[in-house]
Amino acid sequence: MKVLEWVDRANILIGKFVSYLVWIGMAIIVIEVIGRYVFNSPSVWAPGYTQRTFAAYFILIGAITLIQGGHVRVDLLLNTRFPRWNALADLMNYSILVLWTGAMTYEAWYLFIDAWEFNELDDSALRHPMWPVNLALLVGVACISVQGVVGILRSLVHLITPGADIRPVRIKMGGNS
């Protein structure tokens, strides 16, 4: 199942790259705090850009979080002693996830296209373009949706063959996976 591994690796690469947005968000916050409390000169731009940076971060790491199993789960119901039950529960969860993220991807596409074509601007004082925000939403939900399809396929394999070894790619922190 090389295609499933390829999707895992692509989403891991995107997640690792995007993880550096945390440092940009933290730098903006530090600059704002110093400006506000040391120089008594708060900025107009920092709150909006901090919000957008962390929003992009959270949506764009959704797929790698899904690979790691880091999203909220009800383990009491989902981790039983019965492998086929676990596979069926995962199949239902991934199916709902793909429906939701599929609808979100569809809507995000139109949000992005409208922002791009009409040069939509934020209503804050800076009036920055909205297309980068909508592009982050589009890419993030599309990655989660594709990873959800991979989860569906893995669940189906486990439902048919409970002992199959088609686990997600392991993530090595600080190096290549």
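Student: What should I know before I start?
Tutor: This is a predicted model, in which local features need pLDDT of at least 70, side-chain atom pairs count only at pLDDT 80 or more, and totals for chains, interfaces and linings use all residues. Residues are numbered from 1 along each chain as its sequence is written, and side-chain values use heavy atoms, with hydrogens and water left out.

Student: How many helices and strands does the protein have?
Tutor: Helices (H or I, at least four residues) and strands (E, at least two) are DSSP runs, numbered from the N terminus. Here there are seven helices and zero strands, so the pattern along the sequence reads α-α-α-α-α-α-α. The C-alpha trace spans about 65 × 35 × 30 Å along its principal axes.

Student: How do I read burial, and what share of the residues counts as buried?
Tutor: Relative accessible area decides: buried means under 20%, exposed over 50%, and partly exposed in between, with a 1.4 Å probe and protein chains only. Of the 177 residues in this protein, 35% count as buried.

Student: Which residues touch the most other members of the largest nonpolar core?
Tutor: A nonpolar core is a set of buried Ala, Val, Leu, Ile, Met, Phe, Trp, Tyr and Cys residues joined through side-chain atoms within 4.5 Å. The largest one has 21 residues, and I12 and L60 touch the most other members. At least two residues of this core come from each of α1 (2–18), α3 (46–60), α4 (62–68), α6 (83–117) and α7 (131–160). With five residues, α7 gives the most. Another core, of five residues, lies apart from it and includes L66, Y94, V98 and I152.

Student: What about W109: where is it placed?
Tutor: W109 is in helix α6. Its relative accessible area is 41%, which means that W109 is partly exposed. The C-alpha atoms of W109 and L138 are separated by 6.0 Å, although these residues are 29 apart along the chain.

Student: Which residues lie nearest the centre of the second largest pocket?
Tutor: On a 1 Å grid over the protein atoms alone, a pocket is an open set of points with protein on both sides within 12 Å along at least five of seven lines, and lining residues have an atom within 4 Å of a point. The second largest pocket has 13 lining residues, with R52, T53, A56, P132 and V133 nearest its centre. α3 and α7 each supply at least two residues of that lining, and α3 gives the most, with six.

Student: Which residue other than glycine has a phi near 50 degrees?
Tutor: N40 has this positive value. N40 sits in the loop between α2 (21–38) and α3, and is exposed because its relative accessible area is 67%. N119, also not a glycine, has a positive phi of about 50 degrees. N119 lies in the loop between α6 and α7 and is partly exposed, at 48% relative accessible area.

Methods
1 Å grid on protein atoms, 1.4 Å probe; cavity = no way out; pocket = protein on both sides within 12 Å on 5 of 7 lines; lining within 4 Å.
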